[in-house]
Amino acid sequence: MRRPSLSTAKPKLLSDQALARLRELPIADVASAVGITLRGNKAMCFNGHDTATPSFTVSKARNTWRCFGCGEHGDAITLVQKIHCLGFMDACNWLCHHFGIIGGDVPHGPRARSLSRVTSPKPVNPLPSAPSTSSDFELYTWLVARCGPVKASLGTTYLQTHGITPDLALRFGVVELVDPARAYRELEKHWGPDRIRSAGLSGGRRALSWSGYALIFPFKFDAITQYLQVRCLQISRKFFGPSGIPKPMFNSQRLSQLRPGSLLHICEGVPDAISMEGSGLAAVAVLGATSFRSEWVEELLPFDLVGVPDGDAAGEKFMKCLANEFRVRSKSIRFVVPPEGMDASDVIARGKNA
Ligand SMILES: [Zn+2]
């Protein structure tokens, strides 16, 4: 499994008031937020069985939905669970974030605030212990600029086995962070401990969230690092992302360079997207099924889409999620599934290193 585990592993918080507020969200608004186009109170079912007559129905009186074709039914939260393939808490957090409701564990950035003005939900008091983190482009950019190109054999071997040449690593700004303790001290001197914590990099203690040698994959837009994925290679072999920060799409600026109708691969991992780019294939990465945001559908619609999941159980969930997201917009997406237990970059590396 290649998905980062930090944000899914920490306990999630949701107040009773916030939960009640989610259940009061008008079902028609929630349907539209997940990409279902209602005509009156009906729509084509997201399960794809409707060809002419819509069987998905919302009841505004009961604030629920039901499909008379396949029998699925539920409330606002279950609808988000179905469409985005999320667990209960992740679906609640998705709704909190989308409708600007305070009390979930998601950060309340400018987007959440602007949505809350539009939908004006009743404010709910946040739990006193709710962590508050938000993306910190300035700090991420500063950190990445102070790391060097990948030189240690731990890093170069990892890149090579994932089909990423040194030139390709430079092009995508992949860097190595050799000494996290020293990096933390420098960060603290420049930004202070609170700012590092609220950027999601330090948790509760005065140290970075990971230890040992790691590669950093920056999510860049022009020269700005908007997010980073840390791949630990020494002590544990895990991915870390800033805690509590929604994971953006990797290589999203590629979309503005592509002509409508061009082939675009949606990978499940950052190394996969980079190695595909190295093979001359346009690729973005979405970090697992739970990271997909329905507002991305609109940006991706113009392209000829190929999903590239990992060959494992998480990959299957990823594939199902993408298929659902695009089916509600009547958009087709093909899938290329690597052999069991492999991902796209393994396959590309095997070809290159053979
Ligand atoms: Zn149905």
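Author: One definition is needed at the outset. A residue counts as buried when its relative accessible area is under 20%, as exposed when that area is over 50%, and as partly exposed in between. The model under discussion is a predicted one.

With these limits, R195 can be classified: its relative accessible area is 28%, and it is therefore partly exposed. Its partner in a salt bridge is D136, and the closest N and O atoms of the two are 2.6 Å apart. R195 belongs to helix α11 (residues 193-198), whereas D136 sits in the loop between α6 (110-119) and α7 (137-145), so the bridge ties together parts of the chain that are 59 residues apart in sequence. D136 has a relative accessibility of 9% and so counts as buried.

A second pair, R329 and E298, also forms a salt bridge, with its closest N and O atoms 2.9 Å apart. Because R329 lies in the loop between α14 and β13 and E298 lies in helix α13, this pair ties together parts that are 31 residues apart in sequence. R329, at 32% relative accessibility, counts as partly exposed; E298 is partly exposed as well, with a relative accessible area of 48%.

The structure holds 11 salt bridges. One of them is formed by D75 and R23, whose closest N and O atoms are 3.3 Å apart. These two residues are 52 residues apart, D75 being in the loop between β4 and α4 and R23 in helix α2 (residues 16-24), and the pair links distant parts of the chain. R23 counts as partly exposed because its relative accessibility is 42%.

E176 presents a contrasting case. It is buried but has no salt bridge, and the nearest side chain of opposite charge, that of K151, is 6.2 Å away. What does the side chain of E176 reach at 3.0 Å? It reaches the backbone nitrogen of K151. Beyond its neighbours within four places in sequence, E176 is in contact with several residues, including C147, P149, K151, Y213 and L215.

The place of E176 is in strand β6 (residues 175-177), and this strand belongs to a sheet. Five strands make up this open, antiparallel sheet, in the order β5-β6-β7-β8-β9. Its edge strands, β5 (148-149) and β9, each pair on one side only. Three bridges join β6 to β7 in the antiparallel sense, and among the partners is the pair of V175 with I216 in β7.

Next in the order come β7 and β8. Strand β7 (residues 214-221) runs antiparallel to β8, and eight bridges join them; P218 stands opposite L228 in β8. The two strands form a hairpin with two residues between them, and D222, in the turn, has a positive phi of about 55°. Strand β8 (residues 224-232) is mostly covered, with seven of its nine residues buried.

At the start of α14, a side-chain oxygen of D312 comes to within 3.3 Å of the backbone nitrogen of A314. Among the buried residues of this helix are A314, F318, L322 and the charged residue E325. The buried residues of α14 pack against α4 (76-84), β10 (263-267), α13 (295-300), β12 (304-308) and β13 (334-335). Helix α13 in that list is the one that holds E298.

Finally, the whole protein gives this part its context. It has 15 helices and 13 strands, and 53% of its 354 residues count as buried. Of the contacts between residues at least 6 apart in sequence, 65% join residues at least 24 apart.

Key: Residues numbered from 1 in each chain as written. Predicted model: local features only at pLDDT ≥ 70, side-chain atom pairs only at ≥ 80, totals over all residues. Heavy atoms only, no water. Helix = DSSP H or I, 4+ residues; strand = E, 2+ residues; numbered from the N terminus. Buried < 20%, exposed > 50% of the residue type's maximum accessible area, 1.4 Å probe, protein only. Lys, Arg positive; Asp, Glu negative; His and termini not counted. Salt bridge = Lys/Arg side-chain N within 4 Å of Asp/Glu carboxyl O. Polar contact = N/O pair within 3.5 Å; in protein donor to acceptor, adjacent residues only side chain to side chain. Contact = heavy atoms within 4.5 Å. Pairing = 2+ DSSP bridges.
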